[in-house]
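This briefing walks through one protein model, from its helix packing to its domains, its ligand shell and its backbone details. Please keep the structure in view while reading.

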Amino acid sequence: MALGESELHDLIRESVRGIADDFGREYWQQHIDDKEFPEEYWQALADDGWLGVTIPEEYGGEGLGMLEMSIIIEELSRGGGQGGIIFVLTPVFGGIGIQRHGNEQQKEEYLPKIADGDMKFCMALTEPEAGTNTLNISTHAEKTDGEFSVNGQKTFISGVENADTMLLVARTSEFDKSNPTHGVTLFLVDDPAERDGISLSELDTTVPWFERQYQVQFDDLRVTEDDILGTEDGGLYLLWDTLNTERLGGAASALGGGLRAVDLAVEYTQDREVFGQPIGAHQGIQHPIAESYAKLMAAREILYKGAKKWDDDEDCGLEANVAKLLTSRAGTEAADRAIQAHGGNGFTREYEVYDIWQNLRLTQTAPVSNEMVLNFIGEHQLGMPRSY
Ligand SMILES: Cc1cc2nc3c(=O)[nH]c(=O)nc-3n(C[C@H](O)[C@H](O)[C@H](O)COP(=O)(O)OP(=O)(O)OC[C@H]3O[C@@H](n4cnc5c(N)ncnc54)[C@H](O)[C@@H]3O)c2cc1C
């Protein structure tokens with residue numbers, strides 16, 4: 001049987017499609033305009049068990065895998081709004097980060113709340129100076145008597161205003177050329193928007209999201225050894241492991257967004273008549289849409305393969321990166337073509353396709369840029385010289 005096509009997967013698709021159908025364009029538009037977290041939608045996902053899809057049953061989850069999570073994100077994204085990408089910060093970074101690398105106390109404290117919809121995460125990695133070069137981050141946590149004092153700055157951090165916990169990436173030892181991956185630590189920082197030692201200034205970004213983005217300043221933020229996720233100085237391994245799931249989740253969201261663009265283009269071009277027939281009857285309109293669908297179907301295969309490998313504890317770095325690259329490109333192209341097929345209506349707020357394009361265009365840059373994905377493939381898969 002093909003991956004992602006079992007009876008269970010069909011049931012999952014049907015169930016999450018039902019949730020997506022209950023929260024339409026108006027709901028998402030209102031939450032995006034008001035910058036308001038979609039609590040009702042979040043709770044509906046939690047009530048049906050989907051926020052805890054990968055969390056082990058003993059911690060209140062469904063005990064399923066990344067393949068199931070990818071299918072859920074794809075279907076929810078196909079349903080519109082920010083339906084699928086909403087998974088990345090909490091179930092992926094928080095949930096998978098902690099289920100894979102948390103200690104027992106952290107698992108008991110965080111995982112049931114994530115599954116129940118009672119906890120939201122944000123993730124603070126990007127810095128103004130370091131940018132894409134994660135090894136170059138300078139936010140540092142200095143240790144004295146078992147406590148750390150964190151100082152530095154992050155940028156473009158999404159959703160701090162809604163977050164119960166921030167996953168913070170900081171340096172705990174100086175960069176050492178002979179051991180470059182040593183010296184970075186992940187901290188779980190509770191109540192980041194209210195906390196002494198953290199100040200936020202909002203960035204003026206253009207993405208149609210309900211979340212805001214912030215520059216985050218750390219001035220003597222106090223954290224302890226108990227707040228460390230994984231091991232001190234060993235955070236990069238853990239981060240890379242979690243980033244693969246972020247890539248798979250991001251790819252699922254770009255895939256679903258691209259398929260939504262195709263769905264909307266098909267619907268519109270069947271109805272709209274110019275020159276006495278539906279515009280979808282013209283190959284100039286029909287073929288680009290059909291080709292986008294073909295590209296998305298092909299990208300889906302590599303996404304599901306990567307997700308299955310992750311579930312089987314195999315290295316999925318190549319598949320996660322390829323899926324991210326292909327879905328972000330094919331998705332953006334599909335949205336661009338859907339805009340073209342909508343004529344002037346492609347630029348009105350009544351129709352969704354321009355919003356979809358903005359969201360998908362972003363997936364070529366964030367959470368990881370396509371250039372860095374190609375750097376990874378060139379270096380690690382093809383054995384070419386490191387170019388960065
Ligand atoms: C809406 C939004 C939300 C975000 N949310 C978060 C968040 O919640 N948490 C978080 O930590 N970050 C977040 N980010 C940051 C995002 O992950 C980064 O913007 C992204 O990784 C690129 O980093 P940069 O902006 O510093 O680009 P830069 O590092 O300045 O790079 C600029 C361009 O140069 C290219 N480039 C740089 N070096 C190389 C090289 N060696 N080879 C080839 N090309 C290269 C890059 O690919 C990129 O296209 C968000 C960004 C946006 C726009």
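Helix axes are lines fitted to C-alpha atoms over the stretch in contact, and the angles between them run from 0 to 180 degrees between N-to-C directions. With that convention, the axes of helix H1 (residues 7-22) and H4 come within 9 Å and cross at roughly 35°. The model is a predicted one, and its protein chain is divided into domain 1 (7-119), domain 2 (123-234) and domain 3 (236-381).

**Packing of H1 with H4**

- The crossing of H1 and H4 is right-handed.
- On the H1 side the contact is made by His9, Ile12, Arg13, Val16, Arg17 and Ala20, which meet Glu68, Ile71, Ile72, Glu75 and Leu76 of H4.
- Sorted by class, this contact of H1 with H4 comprises six nonpolar, one polar and four charged residues.

**Contact between domain 1 and domain 3**

- The C-alpha centres of domain 1 and domain 3 are 20 Å apart, and the contact between these two domains draws 23 residues from domain 1 and 22 residues from domain 3.
- On the side of domain 1 that touches domain 3, the elements that give two or more residues are helix H4 (66-78) and helix H5 (88-101).
- H4 gives the most to this side of domain 1, with 10 residues, and H4 is also the helix whose axis comes within 9 Å of that of H1.
- The class composition of the side of domain 1 that touches domain 3 is 11 nonpolar, seven polar and five charged residues.

- The crossing of H7 and H9 is left-handed, and the residues of their contact divide into 16 nonpolar, 10 polar and three charged.
- H9 also packs with H10, at an angle of about 160° and with the axes 9 Å apart; angles over 145 degrees count as roughly antiparallel, and H9 and H10 are therefore roughly antiparallel to each other.
- H9 passes H10 in a left-handed crossing, in which Ser328, Gly331, Thr332, Ala335, Asp336, Ala338 and Ile339 of H9 meet Val353, Tyr354, Ile356, Trp357, Leu360 and Arg361 of H10.
- The contact of H9 with H10 consists, by class, of eight nonpolar, three polar and two charged residues.

**Surroundings of the ligand**

- The ligand is surrounded by 24 residues, of which the closest are Gly131, Thr132, Ser369, Glu371 and Tyr388.
- Strand S1 (121-124), strand S3 (147-158) and helix H11 (370-381) each supply at least two residues of the shell around the ligand.
- Because domain 2 (123-234) and domain 3 (236-381) both give residues to this shell, the ligand lies between them.
- By class, the shell around the ligand has 13 nonpolar residues, 10 polar residues and one charged residue.

**Backbone details in loops**

- Ala366 and Pro367 are joined by a cis peptide bond, with omega at about 0°, and Pro367 lies in the loop between helix H10 (353-362) and H11.

Methods. Residues numbered from 1 in each chain as written. Predicted model: local features only at pLDDT ≥ 70, side-chain atom pairs only at ≥ 80, totals over all residues. Domains from an automatic or database assignment. Contact = placed C-beta atoms within 7 Å. Helix = DSSP H or I, 4+ residues; strand = E, 2+ residues; numbered from the N terminus. Nonpolar A, V, L, I, M, F, W, Y, C, P; charged D, E, K, R; others polar. Near = placed C-beta within 6 Å. Left-handed = near helix turned anticlockwise from the far one by under 90°. Parallel < 35°, antiparallel > 145°, perpendicular 65-115°, else oblique.
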